[in-house]
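This briefing sets out selected computed features of one protein model. Please read it alongside the sequence and the coordinates.

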Amino acid sequence: AKDREEMVRKVIEPMACDGLRTICVAYRDFPAEAGEPNWDNENDILNELTCIAVVGIEDPVRPEVPEAISKCQRAGITVRMVTGDNINTARAIATKCGILLPGEDFMCLEGKEFNRLIRNDKGEVEQERLDKVWPKLRVLARSSPTDKHTLVKGIIDSTVGETRQVVAVTGDGTNDGPALKKADVGFAMVTSYKLSFTCRDFHLILCVLSQGIAGTDVAKEASDIILTDDNFTSIVKAVMWGRNVYDSISKFLQFQLTVNVVAVIVAFTGACITQVTACFSSPPAEK
């Protein structure tokens, strides 16, 4: 037990803090005279193992992701990460992406701590408690599908802002289906981490991303949009074009309303002054 704790402290935790996923390689000898063991009994097989090595595997951040997240933040969008990985690994990845910035007062929680903060003594989720957590939450590690769904639902039902938050979710597998369904918009793309966005202007929140090329059918069915290039920057482009369309419609309606209202007022005023309608005039009297 002491060797195990020392390995965790000196080997696994430093790797996790560098953003590496750790895998332990171990073996066990089975005497030939004892016969072939029951491979289906995992509890019996995974005992008395001898550790050979602990391997750190890096899931590198795409080069374009930090810049894309920076664009989101400049546009008033807050990015959140929801993952099942170790909290140290998730924190390291979030720092590399620019989700966590030095000097900012934000929260990184594990699923157990998250549930402890938002649930009462009866185990029920309280919206008032959740409203105190999610505005500062940036990284949710060791999360379950239920945690993702709870977070999405809690943000949608939140009354913290003046308007309702619009949630868009991203996910990479079957377990993300409930969160994808609950969200207002579901994005589908390949990713190892689930990201969420809160847009100050349009109250947009993306919480979980599902796979496009390698995504499961369940995630694709639950999603509203599938990104065929599996690129995070496509989400930024989607937000940009969405805002452009929204602004164009607003300007068009403003122009049309202004022109038509002015035309009606001028025609009405002219008719009142001349006492002649714009469409008809009285014919001259015959002698």
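A residue counts as buried under 20% relative accessible area, as exposed over 50% and as partly exposed in between (1.4 Å probe, protein chains only). Buried residues make up 36% of the 287 residues in the protein. The model is predicted: local features need pLDDT of at least 70 and side-chain atom pairs count only at pLDDT 80 or more, while totals for chains, interfaces and linings use all residues. Residues are numbered from 1 along each chain as its sequence is written, and side-chain values use heavy atoms, with hydrogens and water left out.

**Overall architecture**
- The secondary structure comprises 10 helices and 11 strands, taken as DSSP runs numbered from the N terminus (helices: H or I, at least four residues; strands: E, at least two).

**Helix H5**
- In H5 (residues 111-118), Gly111, Phe114, Asn115 and Ile118 are buried.
- These four cover an arc of only 95 degrees around the axis, which puts them on the same side of H5; the arc is that of the directions from the helix axis to the C-beta atoms.
- Lys112 and Arg116, on the other side of H5, are exposed.
- The buried residues of H5 pack against strand S4 (107-110), helix H6 (127-133), strand S5 (137-141) and helix H7 (145-156), where contact means heavy atoms within 4.5 Å.

**Ring interactions**
- The charged end of Arg138 sits over the ring of Phe106, 3.7 Å from its centre (criterion: NZ of Lys or CZ of Arg within 6 Å of the ring centre and within 35 degrees of the ring normal).
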